[in-house]
Amino acid sequence: TLDNYVRFLSDPFYYGILIETFMLGIIVVSICLVIGFPVAYFLARTRSRWRGTLIFIVVSPLLISVVIRNLGWLPVLGSSGVVNWLLLSLGILSQPVQLINNYIGVVIGLTHALSPFMILSLMTVIQRIEPEIEEASINLGASPWQTFWRIVVPLSRPGVLAGYLLVFTVVLSAFTTPGMMGGNRVLVMSTYIGQQIRTTLNYPFAAMAAMILMLVTTLTTLIAMRLSGEKNT
């Protein structure tokens, strides 16, 4: 009933969950973009005979079950895992740092899982940019860094938008990775909906929360596409 919507929209607690979900999406998308752009540019421009192998390595996380992929992070990020052992051995840390069963673990798991989407979206667009355009920019006196920011980045905007929307919407609806990597301690919309269904058995409220998440995600996507269209014109 509408009472569920009134309850959700009038309680700051639920606003906090929704904001936390969006912040998670923004953080993961930003990290995927920073990591993915140089990788996508290299794969789009390289002529190495290992290019096919490198692309396979990039998409390999998509070929693994989400449960198995998350379980694989446990011996790496755990208190006695490889990362903490390396940091302690180098003297960078004096005691293990918590990298799993928290927000950091969720970010790492989602970034690892969704980076291929960002890389493939960017690589497809960068391949369409003629290398002669970059060469002309350098011949006219621009540095490689200026060429990257003034030529490559603007022309890659469609790939950035496609990767952004794809990764962002998947993060908002992700359930298994926040549940496993967060140790049921990270409360986002998907995990909250799961709690309402499995723990409190409040199916109507869970359905209402899912509907709000879908509507907000759709609205965000439409706004992003509208803004991109205005910039392109």
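**Reading a helical model**

Colleague: I am looking at T147, which lies in helix α8 (residues 144–155). Is T147 buried or exposed?

Modeller: Keep in mind that this is a predicted model. To read burial, compare the relative accessible area with a cut-off: under 20% counts as buried. T147 has 3% relative accessibility, so T147 counts as buried.

Colleague: Which residues does T147 touch?

Modeller: Set aside the residues up to four places away in sequence. T147 then touches E134, S137, I138, A142 and V152.

Colleague: How many helices and strands does the protein chain have?

Modeller: The protein chain has 12 helices and zero strands. Written as a pattern along the sequence, the protein chain reads α-α-α-α-α-α-α-α-α-α-α-α.

Colleague: What does the protein chain look like in overall numbers?

Modeller: The C-alpha trace spans about 65 × 55 × 30 Å along its principal axes. The protein chain has 233 residues, and 38% of them count as buried. Its accessible surface is about 13,300 Å², with 68% of that belonging to carbon and sulfur atoms. Among contacts with a separation of 6 or more, 72% are between residues 24 or more positions apart.

Colleague: Now for a pair of helices. At what angle do helix α6 and helix α9 cross?

Modeller: For a pair, read the distance, then the angle, then the hand. The axes of α6 (residues 103–126) and α9 (residues 157–173) come within 8 Å and cross at roughly 160 degrees. Angles over 145 degrees count as roughly antiparallel, and α6 and α9 are therefore roughly antiparallel to each other. Their crossing is right-handed.

Colleague: Which residues make the contact of α6 and α9?

Modeller: From α6 they include L110, L114, F117 and M118. From α9 they include P158, V160, Y164 and V167. The residues of this contact divide into 14 nonpolar, three polar and no charged.

Colleague: How do α2 and α9 cross?

Modeller: The axes of helix α2 (residues 12–45) and α9 come within 9 Å, with a crossing at roughly 140 degrees. α2 and α9 are therefore oblique to each other. The crossing of α2 and α9 is right-handed.

Colleague: Which residues of α2 and α9 meet?

Modeller: On the α2 side, T21, F22, G25, V29 and F37 are among them. On the α9 side, the list includes V160, Y164, F168 and L172. By type, the residues of the contact of α2 with α9 are 14 nonpolar, two polar and no charged.

Colleague: Where does L201 lie, and what is its phi?

Modeller: L201 lies in the loop between α11 (189–198) and α12 (203–232). L201 is not a glycine either, and its phi is positive, about 60 degrees. The cut-off for exposed is over 50%, and L201, with a relative accessible area of 52%, is exposed.

Key:
Residues numbered from 1 in each chain as written. Predicted model: local features only at pLDDT ≥ 70, side-chain atom pairs only at ≥ 80, totals over all residues. Heavy atoms only, no water. Axes fitted to C-alpha atoms, helices over the stretch in contact; angles between N-to-C directions. Helix = DSSP H or I, 4+ residues; strand = E, 2+ residues; numbered from the N terminus. Parallel < 35°, antiparallel > 145°, perpendicular 65-115°, else oblique. Left-handed = near helix turned anticlockwise from the far one by under 90°. Contact = heavy atoms within 4.5 Å. Nonpolar A, V, L, I, M, F, W, Y, C, P; charged D, E, K, R; others polar. Buried < 20%, exposed > 50% of the residue type's maximum accessible area, 1.4 Å probe, protein only. Areas by Shrake-Rupley, 256 points an atom, 1.4 Å probe, with all protein chains shown as cover.
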